[in-house]
Amino acid sequence: MRVIEQKISTKRGGEYILRTIMKEDAEAVLNFRRDVAGESPFLIRYPYEIENSIDKEKEVIGNYLRAEHLVMLGIIDGDRVIGLTSVSPVGLAFKTRHRATAELVVRKEFWNLGLGAHLLDIAVKHAEDFGYERLELNVFADNARALRLYKKKGFIECGQIPQAFKTMDGKYHDEVIMSKNLWKH
Ligand SMILES: CC(C)(COP(=O)(O)OP(=O)(O)OC[C@H]1O[C@@H](n2cnc3c(N)ncnc32)[C@H](O)[C@@H]1OP(=O)(O)O)[C@@H](O)C(=O)NCCC(=O)NCCS
């Protein structure tokens with residue numbers, strides 16, 4: 001789905017465009033995904049595991065654009081993506097399609113400026129508008145920055161998967177499942 005472009009500001013007063021990711025952004029999205037995978041230990045893939053070709057990424061973006069209950073949004077700085085969020089269903093079967101999951105990533109040089117908070121607000125808003133009843137986020141248990149942000153935005157911890165992630169240094173990291181109820185009473 002496409003949504004209306006908007007301007008957002010950082011805590012330091014910088015202004016950026018937040019808009020729907022289009023097929024033409026495929027290369028910038030792949031560069032973003034590789035860069036952030038190298039910058040943060042809290043993403044599932046290592047940079048070499050971001051394997052999509054530009055054409056494959058265009059296809060993925062096309063799916064997000066076509067479907068009514070999916071959205072991929074980026075914060076754009078010139079020709080660079082500096083933050084990205086997407087909302088998609090946990091599963092398409094009847095019993096799971098009321099639940100959405102979101103991804104949320106910001107380039108390291110822009111951390112702590114409030115961009116993550118903007119992205120999460122917009123992900124929650126679209127998940128609500130799409131009619132999802134819950135929005136879920138899966139987080140490394142040692143990702144204090146993300147946990148603080150999610151709790152601040154009303155997500156609650158629903159459980160942990162022990163040793164969910166194993167990193168190349170041989171260490172294990174638990175996964176925390178965070179969820180927010182989107183029912184409007
Ligand atoms: C998690 C992430 C999206 C947050 O984005 P961001 O733009 O830095 O988020 P914000 O600036 O809106 O908020 C960060 C909050 O964490 C706080 N924070 C910073 N460092 C922290 C730390 N070590 N421990 C706890 N909180 C911390 C900040 O003070 C801020 O809270 P505040 O607004 O109440 O002061 C970003 O750090 C990121 O992309 N990380 C790598 C990928 C990732 O972990 N994604 C989440 C996967 S679920």
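I took two strands as paired if DSSP finds at least two bridges between them. Helices (H or I, at least four residues) and strands (E, at least two) are DSSP runs, which I numbered from the N terminus. The model is predicted, so I noted that local features need pLDDT of at least 70, that side-chain atom pairs count only at pLDDT 80 or more, and that totals for chains, interfaces and linings use all residues. Residues are numbered from 1 along each chain as its sequence is written, and side-chain values use heavy atoms, with hydrogens and water left out.

**Entry 1: the sheet**

I looked up the strand order and found an open sheet of 8 strands, β1-β2-β3-β4-β5-β6-β8-β7, with mixed pairing. Because β1 (6-9) and β7 (156-166) each have a single partner strand, they stand at the edges, and one side of each is left without a neighbour in the sheet. From one strand to the next, the twist averages 25 degrees; for angles, axes are lines fitted to C-alpha atoms, for helices over the stretch in contact, and values run from 0 to 180 degrees between N-to-C directions.

**Entry 2: strand pairs**

I checked β6 (residues 134-140) against β8 (residues 172-181) and found antiparallel pairing over 7 bridges. Arginine 134 has asparagine 181 in β8 as its bridge partner.

I then turned to β1 and strand β2 (residues 15-20), which run antiparallel and are joined by 4 bridges. Glutamine 6 lies opposite leucine 18 in β2. The hairpin of these strands, β1 and β2, has 5 residues between them, and there glycine 13 takes a positive phi near 95 degrees. On to β3: β2 is joined to β3 by 4 bridges, also running antiparallel, and isoleucine 17 faces isoleucine 76 in β3.

For packing, I counted contact as heavy atoms within 4.5 Å. Helix α4 (residues 144-152) packs on the sheet and touches β5, β6, β7 and β8. The direction of α4 makes about 160 degrees with that of β6.

**Entry 3: the ligand**

I next looked for polar contacts, here pairs of N or O atoms within 3.5 Å. A ligand nitrogen atom is 2.9 Å from a polar backbone atom of leucine 104. A ligand oxygen atom is 2.7 Å from an N or O atom in the side chain of asparagine 143, and an oxygen atom of the ligand is 2.8 Å from an N or O atom in the side chain of lysine 152. Of the 960 Å² of accessible area that the ligand has on its own, the protein covers 81% (Shrake-Rupley method, 1.4 Å probe).

Notes: A polar contact is a pair of N or O atoms within 3.5 Å; within protein, one must be able to donate a hydrogen and the other to accept it, and residues adjacent in sequence count only if both atoms are side-chain atoms.
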